[in-house]
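Have the sequence and the 3D view open while you read.

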Amino acid sequence: MSGARVASGTGEANVATGVPVLDHLLGKLAEAGRFDLALEVDPDDPEAEVDAAGSAFGLALEPLLPEGAHGAGTMPADEALAMVVIERSGRPLVASNAQLTGVGGLGSDLAARFLRGLADAAGLTLHVRLIEGEDTDHVLEAIFKALGVALAHAAAPTTARGAR
């Protein structure tokens, strides 16, 4: 059975999605956001595994993100620079200017599939902006690291986030 656990912590990740590049990216997300993450996905075709990972992660995050929580993160990965802004709006949406088809053996955009599953499961509005970057591996890493920082910011106590 697919499932995930997420908690504030040190950034330790134990991830088995069936898609090695996604496992790596979720490790980077956990590290950047200082989340302890355990996520396991039942074996299936790669697209279904990515969808299941996004949904499981979103469901695990839901208790950490109160309605209206918001956060932003900007992170580099070598020459790539990405920004992610999130809000727990209850209106799932992913708006992105990055198109990354064919990564990890998928015929579709791995990041977009994962982010759609996450947004739908957690009720998030996600804005992803690729500011700079040519190397697909670096672009993906920058996006997932920025997502980790944005989620950590949104999950922080209200006093740490500032006034809303």
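Is Arg 34 buried or exposed? Arg 34 is exposed, because its relative accessible area is 56%. For those words, the cut-offs are under 20% relative accessible area for buried and over 50% for exposed, with partly exposed in between (1.4 Å probe, protein chains only). Arg 34 sits in the loop between α1 (20-33) and β3 (35-40), and its phi is near 55°, a positive value in a residue other than glycine.

A quick word on what you're looking at: this is a predicted model, where local features need pLDDT of at least 70 and side-chain atom pairs count only at pLDDT 80 or more, while totals for chains, interfaces and linings use all residues. Residues are numbered from 1 along each chain as its sequence is written, and side-chain values use heavy atoms, with hydrogens and water left out.

**The overall layout**

The protein chain has five helices and seven strands. Here helices (H or I, at least four residues) and strands (E, at least two) are DSSP runs, numbered from the N terminus.

As for size, the C-alpha trace spans about 45 × 40 × 30 Å along its principal axes. Of the 164 residues in the protein chain, 46% are buried.

**Two salt bridges**

How many salt bridges are there? The count comes to two, if you take a salt bridge as a side-chain nitrogen of Lys or Arg within 4 Å of a carboxyl oxygen of Asp or Glu.

One of them pairs Arg 113 with Asp 51, with the closest N and O atoms 2.6 Å apart. Arg 113 lies in helix α3 (residues 110-122) and Asp 51 in helix α2 (residues 46-61), so this pair ties together parts that are 62 residues apart in sequence. Arg 113 is buried, with a relative accessible area of 17%, whereas Asp 51 is partly exposed at 29%.

In another salt bridge, the side chains of Arg 88 and Glu 62 meet at 3.1 Å, N to O. This pair also links distant parts of the chain, with Arg 88 in strand β5 and Glu 62 in the loop between α2 and β4, 26 residues apart. Arg 88 counts as buried because its relative accessible area is 12%, and Glu 62 is partly exposed at 30% relative accessibility.

**A negative patch on the surface**

Which residues gather in a patch of negative charge on the surface? They are Asp 78, Glu 79, Glu 132, Glu 134, Asp 135 and Asp 137. Patches are made of residues with over 30% relative accessible area and no salt bridge, where like charges are joined within 9 Å and nonpolar side chains (Val, Leu, Ile, Met, Phe, Trp, Tyr) within 5 Å.

Asp 78 lies in the loop between β4 (70-77) and β5, and it is exposed, with a relative accessible area of 64%. Asp 78 also has a positive phi of about 55° although it is not a glycine. Asp 135 is in the loop between β7 (124-132) and α4 (136-155), and with a relative accessible area of 32% it is partly exposed.

**Pairs far apart in sequence**

Here are some C-alpha to C-alpha distances to check in your viewer.

| Pair | Separation in sequence | C-alpha to C-alpha distance |
|---|---|---|
| Arg 91 and Gly 123 | 32 residues | 5.6 Å |
| Asp 109 and Glu 47 | 62 residues | 9.4 Å |
| Val 128 and Val 19 | 109 residues | 22 Å |

Where do you find one partner from each pair? Arg 91 is in the loop between β5 (80-88) and β6 (93-96), and it counts as exposed at 56% relative accessibility. Asp 109 is in the loop between β6 and α3, yet it is buried, with a relative accessible area of 9%. Val 128 lies in strand β7 and is buried at 2% relative accessibility.

Technical notes
Accessible areas come from the Shrake-Rupley method with a 1.4 Å probe; for residues, only the protein chains shown count as cover. Lys and Arg count as positive and Asp and Glu as negative; His and the chain ends are not counted. The place of a charge is taken as NZ of Lys, CZ of Arg, CG of Asp or CD of Glu.
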